Amino acid sequence: MIFDVDGVLTDGTLWYGPRGEELKAFNAHDGHGIKLLAASGVRIALLSGRRSKAVAVRARELSIKRVFQGVDDKLAVFLKMLKREKLAPEAAGFMGDELVDLPVLERCGFACAPREAPEAVRSRVHYVAEAPASRGAVRELCDMLVRAR
């Protein structure tokens, strides 16, 4: 299961400190959901168009080893990652929230979005979370997948 960051693991708000440092707020319940999903045997990855030290710190806290930041072509990285993992695109899930995520959402086997995603995204995914981004959307998805496993 692969997650976008801004607008999925965060609410999409970009916070900057007085020295230009970027700050992000992550939800502990979403993080615990990721840990539960990983413990169930699902490999986890983050795939973000932006680059942030905060994402690297959060990924380390959650023991996520597959972290791709500053990605312009998410589909190319998605396909390369799956090749390395020896998985078909249909065997992977992706939760994204923006138009730039559509190429991956349209190729993966289980496409998901938080409820705030634009209609052009929500209308093309298999699952839209009832909870908002960074307020339980990821936990909702993870709990559903753990129950299904």
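Helices here are DSSP runs of H or I with at least four residues, numbered from the N terminus. This is a predicted model: local features need pLDDT of at least 70, side-chain atom pairs count only at pLDDT 80 or more, and totals for chains, interfaces and linings use all residues. Residues are numbered from 1 along each chain as its sequence is written, and side-chain values use heavy atoms, without hydrogens or water.

**View 1. The largest cavity holds about 50 Å³ of space.** A cavity is a set of points on a 1 Å grid, over the protein atoms alone, where a 1.4 Å probe fits but cannot get out. Points are joined across faces, edges and corners, and the volume is the space filled by probe spheres set on them. The count is 1 cavity of 30 Å³ or more.

**View 2. Helix H1 (residues 28-39) gives the largest share of that lining, 3 residues.** Lining residues have an atom within 4 Å of a point. Among them are Phe26, Asp30, Ile34 and Arg58. By class, the lining has 6 nonpolar, 2 polar and 2 charged residues; Gly counts as polar, Asp and Arg as charged.

**View 3. Ile34 touches Phe3, Leu9, Ile44, Leu62, Ile64, Val138 and Cys142.** Contact means heavy atoms within 4.5 Å. Residues up to four places away in sequence are not counted.

**View 4. The largest nonpolar core has 23 residues.** Such a core is a set of buried Ala, Val, Leu, Ile, Met, Phe, Trp, Tyr and Cys residues joined through side-chain atoms within 4.5 Å; buried means under 20% relative accessible area (1.4 Å probe, protein chains only). Met1, Phe3, Ile34 and Met95 touch the most other members. H1, H2 (53-61) and H6 (137-148) each give two or more residues. H6 gives the most, 5 residues.

Methods:
1 Å grid on protein atoms, 1.4 Å probe; cavity = no way out; pocket = protein on both sides within 12 Å on 5 of 7 lines; lining within 4 Å. Buried < 20%, exposed > 50% of the residue type's maximum accessible area, 1.4 Å probe, protein only.
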